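Here are my notes on the model you asked about. Keep the structure open and follow along point by point.

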Amino acid sequence: RGPAFLPTLLASGSDSGLVPLAPDGSSDPTAAEMADVVERYYEVLDENNQGVIGMGENDTGATFAGIGEPTFRLDEICDAARIIHERRHGVPLRLVTTMLPADVGGADDVAQRIADARISDVTINLCAENPKAFQTCTDALVEQYTLENPNEAKHAVPVPTDAFANICALIEALSTRGVAVECCAVEAPGASTANTRALAEALGATSFRTRSYHP
């Protein structure tokens, strides 16, 4: 999103009341903890007479996302999704991802796991329309993340050289399994969002959205 994006985001969220489940950042949430957070959210809605009505038309659901890459913990996310659906059958769930880490699995395997967990929507950051531009974009994201989060540098990993091919394969694999795929691209200098949109639609994405750039 650009050099100024993360500081702006953190500043705007400082009064949100959101806190890490482990305040010292020593651990990531378990599947049960993630599911408990979602359950508590719905309980608060019910307590304030803002709960889900009818067939769930007002249910905005829950999203698995983060400053880091959520698919590094895909097993825990899928387990959390199953627990959530055991408690609240119709909750719509979304996963937000930037790339497919090499040690998570191939596109078909990952897509099947997501579909089996009944995660109905996936948002993918398809930041460019060709391998070279995609590599440059994602490398810059990792570098920016490392510079601005020195305590989290251990979680930063080099972007695989086949990252573009893998993310394209994931879009296609998810689409063929009935998962709704939204692709996003940042309106950065030199970016061709029109070409990226065309690629996303050709791969089966159901929607495309551009995001603002923050120099």
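**Notes on helices, loops and a few side chains**

1. What covers the buried residues of α2? The cover includes β1 (62-64) and α3 (74-87). Contact here means heavy atoms within 4.5 Å, and buried means under 20% relative accessible area, with exposed over 50% and partly exposed in between (1.4 Å probe, protein chains only). Helices (H or I, at least four residues) and strands (E, at least two) are DSSP runs, numbered from the N terminus.

2. Before going on, a word on the ground rules. This is a predicted model, in which local features need pLDDT of at least 70 and side-chain atom pairs count only at pLDDT 80 or more, while totals for chains, interfaces and linings use all residues. Residues are numbered from 1 along each chain as its sequence is written, and side-chain values use heavy atoms, with hydrogens and water left out.

3. Back to α2 itself. Its buried residues are A31, M34, A35, V38, E39, Y42 and L45. Looking down the axis of α2, you find these buried residues within an arc of 135 degrees, so they line one face of the helix. (The arc is that of the directions from the helix axis to the C-beta atoms.)

4. Just after α2, N49 takes a positive phi of about 55 degrees.

5. Now try the aromatic rings. A pair of aromatic rings is described by the distance of the centres and the angle of the planes. Rings of Phe, Tyr and Trp (its six-membered ring) pair if their centres lie within 6.5 Å; planes under 30 degrees apart count as stacked, over 60 as edge-to-face and the rest as tilted. The structure holds 2 aromatic pairs. One of them joins Y41 and Y42, edge-to-face, at 5.2 Å centre to centre and 75 degrees between the planes. Y42 is buried at 2% relative accessibility, whereas Y41 is partly exposed at 38%.

6. Next, have a look at T71, in the loop between β1 and α3. Is T71 buried or exposed? T71 is buried, with a relative accessible area of 2%. Setting aside neighbours within four places in sequence, T71 is in contact with L95, T97, M99, P101 and V104. The side chains of T71 and E69 are joined by a polar contact of 2.7 Å. (A polar contact is a pair of N or O atoms within 3.5 Å; within protein, one must be able to donate a hydrogen and the other to accept it, and residues adjacent in sequence count only if both atoms are side-chain atoms.)

7. The buried residues of α6 include F164, I167 and C168. After α6 comes G178, with a positive phi near 85 degrees.

8. Finally, two arginines. R118 sits in the loop between α4 (107-116) and β3 (121-125), and has a positive phi of about 60 degrees although it is not a glycine.
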